Amino acid sequence: MAAETLERVKKIIVESLNVDPSEVTMEANIKEDLGADSLDVVDLIMELEDEFDMEISDEEAEKITTVGDVVGYIEKNK
Amino acid sequence: MNRVVITGLGVISPLGNDISTFWNNMIQGKSGVGPITQFDTSDFVVKIAAEVKDFNPLDFINKKETRRMDRFVQFAVAAARMALENAGLDMSKVDAERVGTYIGSGIGGLATLEEQHKVLLNRGPRRVSPFFVPMMIANMASGIVSIQVGAKGPSSAAISACATGTHSVGDAFKILQRGDADVMIAGGTEATILPMAVAGFSAMGALSTRNDEPEKASRPFDRDRNGFVMGEGAGILVMETLEHAQKRGANIIAEVAGYGMTADAYHLTSPAPEGEGAKRCMEQAIKDAGMKAEDFDYINAHGTSTDYNDKFETMAIKGAFKEHAYKLAVSSTKSMTGHLLGAAGGIEAIVAALSIKNQLVPPTINLENPDPDCDLDYVPGEARKMRVRAALSNSLGFGGHNATIALKEYLET
């Protein structure tokens, strides 16, 4: 379910981007709100792929801008 | 041409992670060598190294940035920050476009390369980190220090094996001398106490295998020396034009007087016969300084504790200094720090500067039975209080790169 997925995604983002857990909301923009640069995003996608044992194509990854997009993608494809 | 002075020093080393600990341990003749703790050496012939102890990058760099920096870069950032603090240089009060960085590494991010190569082999190319390249490339110490401190002036990095640190300090000196910057943050950094590097240097027969007596393993100029001991760390100097240093009332540690660099054009790893490349290098540095051989009192030798280096460097010193060679104090502080490869010239420039400032020369430890071919005054065993008007620091690298800097007491005229 989405809440559990959000918790797992949040844990990865907090560790990877060194942000406060309270900042990682569904609406948060990964680059603008959480301070990720383009390399951080690639790294984050790889960590998410590991955590959820799935592949996220480059085209799909480009569509992801918010934490909600990540959770939605995982929910739809897991 | 501008006069150039040293105004700040920073160090991460096997003898301590700040200048006063480093210098005090060195003057007491302490060894920084011990069993390797950073990886399992069961299958390795060489089981000892001079490791940096108790280094916490988070004391200098935030957590996210730390994860994106190889250890060699973390050392450089830490040492650069301490050097700026030691220089009392507030970046917000100087023209950032006139402050540069020149920090080299002999090898670069080998830990990152080893780790990501395993990822490539075990998990495939799609799993290689986007941070692999920017963490590994050897110029990144210079790049990241410029980013961290906001230095927007000249920025580059020397890569000349074990001569890297001295080339960096020397090249930065020339940038300041010709007026392309007011301040340069310069030196070397290295972190290669890793399976690939230890296996590789060991295969060359370059490393000491005195595993049962780690503290006695690095013994430059001694008859029973059997190779160098790998060290790690960073040595960074803040250098500036005399005019800039005076204008801001900086504390001047020593003056950079001259720089020489030559090539052996002889062999991959062996020094040229009679050490002729190193001899010409020292002669160039002395000439560049507008000084005479007799003006020098101390040489911080390359002194690696390998059979060839110590013998040939001794010949080179005798060639360059003639009879004055026997009046010089010549010490190898690698007897205590191990060989920091690309960082060696950085920390040894610091040692030469402190020797002049403190009028105190650190010893060569473990020199118990002098090699008959090594017959200079190597300051065996104990530090020596003595007059030091000027000093050379030598670095000689694989590939036949030779670099020497000449430092002298800062006198107003």
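Between chain A and chain B, eleven residue pairs are in polar contact, both residues of each pair being at pLDDT 80 or more. A polar contact is a pair of N or O atoms within 3.5 Å; within protein, one must be able to donate a hydrogen and the other to accept it, and residues adjacent in sequence count only if both atoms are side-chain atoms. The model is predicted, so local features need pLDDT of at least 70 and side-chain atom pairs count only at pLDDT 80 or more, whereas totals for chains, interfaces and linings use all residues. Residues are numbered from 1 along each chain as its sequence is written, chains are lettered from A and ligands numbered from 1 in the order in which they are written, and side-chain values use heavy atoms, with hydrogens and water left out.

On the side of chain A that touches chain B, the elements giving two or more residues are α1 (2-17) and α2 of chain A. Helix α2 of chain A gives the most, with eight residues. Helices (H or I, at least four residues) and strands (E, at least two) are DSSP runs, numbered from the N terminus. This side of chain A divides into six nonpolar, three polar and eight charged residues; Ala, Val, Leu, Ile, Met, Phe, Trp, Tyr, Cys and Pro count as nonpolar, Asp, Glu, Lys and Arg as charged, and the others, Gly among them, as polar.

Nine salt bridges are found across the interface of chain A and chain B, a salt bridge being a side-chain nitrogen of Lys or Arg within 4 Å of a carboxyl oxygen of Asp or Glu. The side chains of B:R68 and A:D40 form a salt bridge at 2.7 Å, N to O.

The contact (heavy atoms within 4.5 Å) takes 17 residues from chain A and twelve residues from chain B. The two chains bury about 1,300 Å² between them, 39% of it on carbon and sulfur atoms. Buried area is the accessible area (1.4 Å probe) that two parts lose on being put together, summed over both.

UniProt, in an unreviewed entry, places the feature "modified residue: O-(pantetheine 4'-phosphoryl)serine" at A:S38; annotations may be inferred rather than shown by experiment. A:S38 lies in helix α2 (residues 38-52) of chain A and is partly exposed, with a relative accessible area of 49%. Buried means under 20% relative accessible area, exposed over 50%, and partly exposed in between (1.4 Å probe, protein chains only).

For "active site", UniProt lists B:C162, also in an unreviewed entry. B:C162 is buried, with a relative accessible area of 7%.
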